[in-house]
Amino acid sequence: MPSLELLLAQPVEKRKAIIGNAPVKVAIEAAVRFGWDAVIGPDGAFVGMHSFGASAPVKDLYKHFGITAEAAVNAALKQLG
């Protein structure tokens, strides 16, 4: 989704219609998890930073924090069981 803030500002029923009821929910964020639990739920997977304040070239940061296509695929596969 283009904006977590705009989604969370929507009424609950509209959020539910947008998010759907897929059994697998994976959030991929080049920042911290804050706010994403409202979208992915307590059992959803999160691929992103778990700390704050790192600075480096983006490719290095993504690799260091595991924000990769491989990590996203693995998170989804793990959710599928």
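**Close-up views of a predicted protein model**

Residues 24 or more positions apart account for 37% of the contacts in the protein with a separation of 6 or more. A contact means heavy atoms within 4.5 Å. This is a predicted model, in which local features need pLDDT of at least 70 and side-chain atom pairs count only at pLDDT 80 or more, while totals for chains, interfaces and linings use all residues. Residues are numbered from 1 along each chain as its sequence is written, and side-chain values use heavy atoms, with hydrogens and water left out.

**View 1. The whole chain.** The protein has five helices and two strands. From the N terminus, the order of elements is α-α-β-α-β-α-α. Helices (H or I, at least four residues) and strands (E, at least two) are DSSP runs, numbered from the N terminus. The C-alpha trace spans about 40 × 30 × 20 Å along its principal axes. Accessible areas come from the Shrake-Rupley method with a 1.4 Å probe; for residues, only the protein chains shown count as cover. Of the 81 residues, 23% are buried. Buried means under 20% relative accessible area, exposed means over 50%, and partly exposed lies in between (1.4 Å probe, protein chains only).

**View 2. The largest nonpolar core.** Which residues make up the largest nonpolar core? There are seven: Leu-4, Leu-7, Ala-27, Trp-36, Val-39, Ile-40 and Phe-46. Helix H1 (4-8) and H3 are the elements that give two or more residues to this core. A nonpolar core is a set of buried Ala, Val, Leu, Ile, Met, Phe, Trp, Tyr and Cys residues joined through side-chain atoms within 4.5 Å. Look next at Ala-27. Leaving out residues up to four places away in sequence, Ala-27 touches Trp-36, Ile-40, Ala-45, Phe-46 and Val-47.

View 3. Helix H2 covers residues 12-19. Why does H2 lie largely in the open? The number of buried residues among its eight is zero, so H2 lies largely in the open. Lys-16 and Glu-13 join their side chains in a salt bridge, at 3.9 Å from N to O. A salt bridge is a side-chain nitrogen of Lys or Arg within 4 Å of a carboxyl oxygen of Asp or Glu. The two residues are three apart in H2, which means about one helical turn separates Lys-16 from Glu-13. An α-helix has 3.6 residues a turn, so residues three or four places apart point the same way. Lys-16 is exposed at 52% relative accessibility, and Glu-13 is exposed at 58%. Just after H2 comes Gly-20, with a positive phi of about 80°.

**View 4. Arg-33 and its partners.** Arg-33 sits in the loop between E1 and H3. The count of salt bridges comes to two. One of them pairs the side chains of Asp-37 and Arg-33, at 2.8 Å from N to O. Is Arg-33 buried or partly exposed? Arg-33 is partly exposed, at 26% relative accessible area. Asp-37 is partly exposed too, at 38%. Beyond its neighbours within four places in sequence, Arg-33 contacts Ile-40, Gly-41, Gly-44, Phe-46 and Met-49. Arg-33 and Phe-46 are 13 residues apart along the chain, with 7.0 Å between their C-alpha atoms.

**View 5. A nonpolar patch on the surface.** Val-32, Phe-34 and Phe-52 form this patch, with about 420 Å² of accessible area together. Patches are made of residues with over 30% relative accessible area and no salt bridge: like charges are joined within 9 Å, nonpolar side chains (Val, Leu, Ile, Met, Phe, Trp, Tyr) within 5 Å. Val-32 belongs to the loop between strand E1 (26-29) and helix H3 (37-40). Val-32 is partly exposed, at 32% relative accessibility.

**View 6. Helix H5 and its end.** H5 runs over residues 69-80, twelve in all. From first C-alpha to last, H5 reaches 17 Å, close to the 16 Å expected at 1.5 Å a residue. The expected span is 1.5 Å times one less than the number of residues. Gly-81 follows H5, and its phi is positive, near 90°. Lys-78 lies in H5. Lys-78 is exposed, at 70% relative accessible area. The C-alpha atoms of Lys-78 and Ala-45 are 8.7 Å apart, across 33 residues of chain.
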